[in-house]
Amino acid sequence: MQIRKLDATDADFTQQLNTVLAFDASIDDAIEHTVVQLLADVKTRGDAAVLEASNKFDRLHAASIAELELPQSEMQAALDQLQPERRAALQQAADRVRAYHERQKQECGSAGFSYTEADGTVLGQKVTPLDRVGIYVPGGKAAYPSSVLMNAIPAKVAGVKEIIMVVPTPDGVKNPLVLAAAAIAGVDRVFTIGGAQAVAALAYGTASIPAVDKIVGPGNAYVAAAKRRVFGLVGIDMIAGPSEILVICDGTTDPDWIAMDLFSQAEHDELAQSILLCPDAAYIAQVEASMQKLLPQMPRQEVIRASLTGRGAFIKVRDLDQACEIANFIAAEHLEISTENPQQWADKVRHAGALFLGRYSSEALGDYCAGPNHVLPTSRTARFSSPLGVYDFQKRSSIIHASAEGAHTLGQVAAELAYGEGLQAHALSAQYRVK
């Protein structure tokens, strides 16, 4: 396994780094064509189109959408049938995710605010939750109960009235841990549908599946293309790219730990990205040796090998200050700072989806049970985007309650500006209330 090595002191380092970070996010024409047809079909024919597509793509034999909606009792049964250790772990993860997002809701100022000016005019902001949210949970190649917790719990904490979960079940195979997670998280309704047809059903609504206000959760290229298409009719969380991990290390952490941390993202898929920044060339060689030693033990070693060979990198930096500068440029989804006194380096980081500080904070803890959300911005979008949170399931309304005195003062200002814009009705609307 050959992983490219870069030196941040090289004259052409920036060009080399851009080559490593490059990711072709262009839309496949065939996927786009299929998605457009599916969206139009579901919008026109509703349940019939969803049923037809689900039977075709997931190899099902359902006669109606009713057969694809799971009763609450099935989720509870899945939870009750888990092995005690697995159920305890799932419950503990859910409790930690809920506790973190409850704190986030408080910090967000969930009740809004208002203040009264001297003339009696009241200004403020009202915060209200969305009415109904759709959660897409991947099925097929892998099942992600953690995705259920991370998407549903903050929505519940925010006060969303109804959560509709869609999850594909190819060949009719249901993952009990996913259903158990739905029970713990408080999902209201579950439909065993997936793909672009599931996104279309959530966006447009059908006779059986209610339209939602926002769609969140990861999916394949068809799901991403469908979410992109329906954005505007409904809200979406983000268009996520491949998983990423960036590790800043001072060269004193066990190299096996760092090797496995890099593997943890590489095993997602061949396009995932794992990068190590370190000022110690000898230590980089130790991590590489650990990778060669540990790779044969990995069940997904071929995926890991392809990911690291295609998009991985070891970058030797001048010092940890330069490592932080590069980290801000990369703006990675996951950033581990595996150093002594990690907070001093974290203070220099402006762009990262999530920061994992210290040698004991493996990225895997954030994926499953630490508490903060694992739905994070990718592909350098951490420069302007945030993790999924309570705020994604709330909206804010401005409040203006003018007093008679306030209407007199503000009306004159508004009218003057309205006349300046050539909008006479605006001006007169304000002037009518001027004493």
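Student: What covers the buried residues of helix 8?

Tutor: Buried means under 20% relative accessible area with a 1.4 Å probe, protein chains only, and contact means heavy atoms within 4.5 Å. Helices (H or I, at least four residues) and strands (E, at least two) are DSSP runs, numbered from the N terminus. Here the cover includes helix 2 (29-45), helix 3 (47-57), strand 5 (132-136), strand 6 (162-166), strand 8 (214-216) and helix 9 (221-230). This is a predicted model, where local features need pLDDT of at least 70, side-chain atom pairs count only at pLDDT 80 or more, and totals for chains, interfaces and linings use all residues. Residues are numbered from 1 along each chain as its sequence is written, and side-chain values use heavy atoms, leaving out hydrogens and water.

Student: How many residues of helix 8 are buried?

Tutor: Nine of the ten in helix 8 (residues 195-204), among them Q197, V199 and L202. Just after the helix, G205 has a positive phi of about 80 degrees.

Student: How do strand 3 and strand 4 pair, parallel or antiparallel?

Tutor: Two strands pair if DSSP finds at least two bridges between them. Strand 3 (residues 113-116) and strand 4 (residues 122-129) are antiparallel, with four bridges. T116 sits opposite V122 of strand 4. Five residues lie between the strands of this hairpin, where G120 adopts a positive phi near 95 degrees.

Student: And what about side chains along a strand?

Tutor: In a regular strand, side chains alternate between the two faces of the sheet.

Methods: Buried < 20%, exposed > 50% of the residue type's maximum accessible area, 1.4 Å probe, protein only.
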